[in-house]
Amino acid sequence: MGTGFLWTELSITVSAALLRQTSKEGLSLSTRGEEPGLRELLSCFWQRRLLSSSSYLTRGLGKMNVGCVILACTLLVGASSGSKAGQPIKAPCRPGFSQNFYTVIVPRDVLHGQSILKDTTLSSECVKFEDCQRSREVGFVSNDPNFSVRPDGTIYTEQEVANLSEPVQFMVTARGLHDPHIWETTVKVAMAGHPHPLALSKVGFEEMFSRVWESQPRVIKFTRKHQRSSSANGLRRQKRDWVIPPINVPENSRGPFPHMLVRIRSDQDKDVGIRYSITGAGADQPPSGIYNIDPISGNMFVTQPLDREERASFHLRAHAVDMNGNQVENPIDLYIYVIDMNDNRPEFQNQVYNGSVAEGSKPGSSVMQVTATDSDDSTTANGMVRYRILSQTPHSPIPNMFTINSETGDIVTVAAGLDREKVSQYTIIVQATDMEGNLNFGLSNTATALISITDINDNPPELTVRTFSGEVPENKVNVVVTNLTVVDRDQPHSPNWNAVYRIVSGDPSGHFTIRTNPITNEGMLTVVKPVDFEMNRAFMLTVVVSNQAHLASGIQSSLQSTAGVTISVQDVNEPPVFPVNPKMIRFEEGVPAGTTLTVFAAQDPDHFIHQIVRYSKLSDPANWLKINRTNGQITTMALLDRESMYVKNNVYEATFLAFDNGSPQASGTGTLQIYLIDVNDNAPVLVPREAQVCERARPNSRVNITATDADADPNVGPFVFELPSFPASVRRNWTISRLSGDYAQLRLRIPYLEANVYEIPIIVSDSGNPPLSNRSLIRVKVCPCDDSGDCSATGAVAAAGLGTGAIIAILICIIILLSMVLLFVVWMKRREKERQAKPLLIDPEDDVRDNILKYDEEGGGEEDQDYDLSQLQQPESLDHIINKPSGVRRVDERPVIAESQYPVRPSLPHPGDIGDFINDGLRAADNDPTAPPYDSLLVFDYEGSGSTAGSVSSLNSISSGDQDYDYLNDWGPRFKKLADLYGGGDDD
């Protein structure tokens, strides 16, 4: 079976133009499947030698418009391709070849003579197979013995090909080694550099697209069925068949619709009745209804205009069945590609682009890139965007400071002279045009590029004047003498603008520094070290200013970056100064009052002004000193005592004030430190002052003694301890033995001494020259001791000085106190028994006091807020009760009769008459009908008026039924009385 095609001069010309383009580009492999339709026309053109019919093409050609020829070729090349980029939704991954038709243009440099050698790779690219990341092993088999496909998809010659003057088309089958699925695609191979037909004549768009539509094959027949069988390699080569070429449909067609595309027919329609149908996206699947087919004639139609940007291709399947629905032919695949039309303008990604370039940049410096996209097919001129600059603002220094790469959109400088100080920003209008920039046929759009000129340090700072001046008072710091003003044309508040000041000469002692004002960039010349008018009346400084950033290459410093500064020092009245401060002198303590210690005089630093200095005392903690007001002579007013609390580490400090008679008056302070040398003026003191020993002499019954001395070495220890000769009993009963230079030991000389407290005098002498002695008393308690040598309690009391009589008196007092407490307790017990002996006024079994427990009062509840207080008050009038009809009386109201007279209780009754008084009152209450509780409802607390309970006055206290109350016995002892009252039966 064969496939018939109708050809037009337009398709021939398109094939020639396409071949011309591919011959220039060399070998190319279409992996997008966007050119199989027109390339199929090219193949058939070469196979059938239709180039000989050039007379039809050249008929009527005259002077040609080159622009129209370029446009026509571009449109027709674009018509041969589809774009998947236009699909808004990415289709799900399906295993198989990436395209159904591949075209390989073989460059002539692979030829050896007129032949192509065996194992020659025809393409650097490959036939792409998508396995959707299933990592399946796939083998490729070609039905042409001369060509084959490697596992990586590259196409090569299986054997030497003698001649490739005409295109060769073959089918490649892919099958998984462990997968029964089979996939097929078509590959067409043609040599580059064939003769080119003449160019197109100028025709309108409508005529060109109508010819494209007419170029489709009118009849498509079902292919023969081939038997497949397994072989050693899993596949058997089959006889070559014509591959059904794709159907090309231009987008945005004006119709009329439906428009016939092709006719589908089967060779068996002569024998049986055939019904044709198509399936797939665009027919019976969304978007459905775009294509339909006449089931009887097999004519296939497109029903509406197409938009390549919405969908670039359709894959349909044609079916042929008999009248009973039985399949008579294998389904054939129909690929419909939408031919692109230039119906979309380029669109910039941003309407305004921002870029920058440094001032002084050399020509060719990159500035920025603008990008525009075209929704049309990017492989055709419809989607090929070119850029150009329309305008530049301002035109300084020249109108064309920048240029743009027409293909990439990169903007670069083309001239020198960028100066931020003159022009800080340029505004560039950029135009993007499709059709490869053809302004006659392409669509355009514009965007704005704002180019900021960034600053470099090409302007050195310059001081505004060559000489600055200022003045400063002496002895002042952190004072701004003068402000150094500077001019810098670079970018403000940047390192290229920020000034840095340095003093290069005139200030060897470092009295001054220059700080930069961050806002004004001025230099603040500041005093950091006091200046003295008497030493320097003026300063001549040299100042240099620079920037934080280094000057740009080739830029020299300005002469105006250096200036001089003249500073005058102002004389002020300075306070008197003590030459030595603090001043240390040494004196022995104890010098008498009126002793001259030293002359503490101050000097006036104002040498050029004669002034009088006077003195006064500012601080003298012990009030020991005085100063002469005129000459500063220090004399004592009291004895100097080294042991005084005001002396720290043997040094006594006093502060004095010196002031002049200048205007204003100035004063200074000076500190006098007196180091006091110790003399032996303090006798030692015995330590401890109390001790305790046993009444009987024991080896461990002794007292260690020492002494303290307020003086310093050598006027302290070693100490001498001795007992005085009077009274004689001291030396007779006690003795002292020396332990060391500072310690001695006191102990009994006799074997036994009566327990008592003894005051023993001891004479202590220090080692001063002359030595000082002190007679001290030590209080020693002599007491009986236990075996361990400690005083017993009795002995301690005795030793404390209490005699036997005192101890007996204390014991008697304790006994009397205990007797009084005992008598009081006995009296309280007896009174309690008398109180318990009197009988209760009621039966103990009826005493329910332990049954009435007050827990808390919580109010009446939620209806407690609206009660009537009048119900709780005594009525002022009893008329409403007295005037009631006879026979009608509420038993819960107080009877209106004279109240009974109750006995009057004496103000101070005798305790024995209390029982009689209570009995009399009880009898009076029993006979008083007006006394509660009468048969009434007593209100103890008002809890609101909304209670649902009725009056309890209607309850009968006598049981009138046969109800059994014996269950009350099970409720515990508190309900036993109720059980006896109501559950007694007939016994009651």
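**View 1. Glutamate 643 and arginine 642 meet through their side chains in a salt bridge, 3.0 Å from N to O.** A salt bridge here is a side-chain nitrogen of Lys or Arg within 4 Å of a carboxyl oxygen of Asp or Glu. This is a predicted model, in which local features need pLDDT of at least 70 and side-chain atom pairs count only at pLDDT 80 or more, while totals for chains, interfaces and linings use all residues. Residues are numbered from 1 along each chain as its sequence is written, and side-chain values use heavy atoms, with hydrogens and water left out. Glutamate 643 counts as partly exposed because its relative accessibility is 22%, whereas arginine 642, at 12%, counts as buried. Buried means under 20% relative accessible area, exposed over 50%, and partly exposed in between (1.4 Å probe, protein chains only).

**View 2. Here aspartate 340 and arginine 308 form a salt bridge.** Their closest N and O atoms are 3.0 Å apart. Aspartate 340 sits in the loop between strand S16 (332-339) and strand S17 (347-348), and arginine 308 in the loop between strand S14 (299-302) and strand S15 (313-321), so the pair ties together parts that are 32 residues apart in sequence. Helices (H or I, at least four residues) and strands (E, at least two) are DSSP runs, numbered from the N terminus. Is this pair buried or exposed? Both aspartate 340 and arginine 308 are buried. In total, the structure holds 14 salt bridges.

**View 3. A salt bridge brings together the side chains of arginine 420 and aspartate 455, at 3.3 Å from N to O.** The pair links distant parts of the chain, 35 residues apart. Arginine 420 belongs to the loop between strand S23 (410-413) and strand S24 (425-433), and aspartate 455 to the loop between strand S25 (444-454) and strand S26 (462-463). With a relative accessible area of 11%, arginine 420 is buried; aspartate 455, at 17%, also counts as buried. Another place to look is the network of salt bridges that links Arg265, Asp267 and Asp269.

**View 4. Strand S27 (residues 467-473) has side chains that alternate between two faces.** In a regular strand the side chains alternate between the two faces of the sheet. Two strands pair if DSSP finds at least two bridges between them. Phenylalanine 468 has valine 565 as its bridge partner in S34.

**View 5. Strand S2 is covered on both faces.** On one side lie Phe101, Thr103 and Ile105, and on the other Tyr102, Val104 and Val106, all of them buried. Six bridges join S2 to strand S8 (residues 182-191), and the two run parallel. Valine 104 finds its bridge partner in S8 at valine 189. Follow the chain into the loop between strand S2 (101-106) and strand S3 (129-130) and you will find aspartate 109. Aspartate 109 counts as exposed because its relative accessibility is 65%. Its C-alpha atom is separated by 9.9 Å from that of alanine 192, which is 83 residues apart from aspartate 109 along the chain.

**View 6. A cis peptide bond runs from glycine 255 to proline 256, with omega near 5°.** Proline 256 is found in the loop between strand S10 (247-250) and strand S11 (259-265). Proline 258 also lies in the loop between S10 and S11, and a cis peptide bond joins phenylalanine 257 to proline 258, with omega about -5°.

**View 7. Asparagine 475 has a positive phi, near 65°, in a residue other than glycine.** Asparagine 475 lies in the loop between S27 and strand S28 (480-484), and is partly exposed, with a relative accessible area of 37%. For asparagine 623, not a glycine either, phi is positive at about 55°. Look for asparagine 623 in the loop between strand S37 (613-619) and strand S38 (625-627); its relative accessible area of 45% makes it partly exposed.
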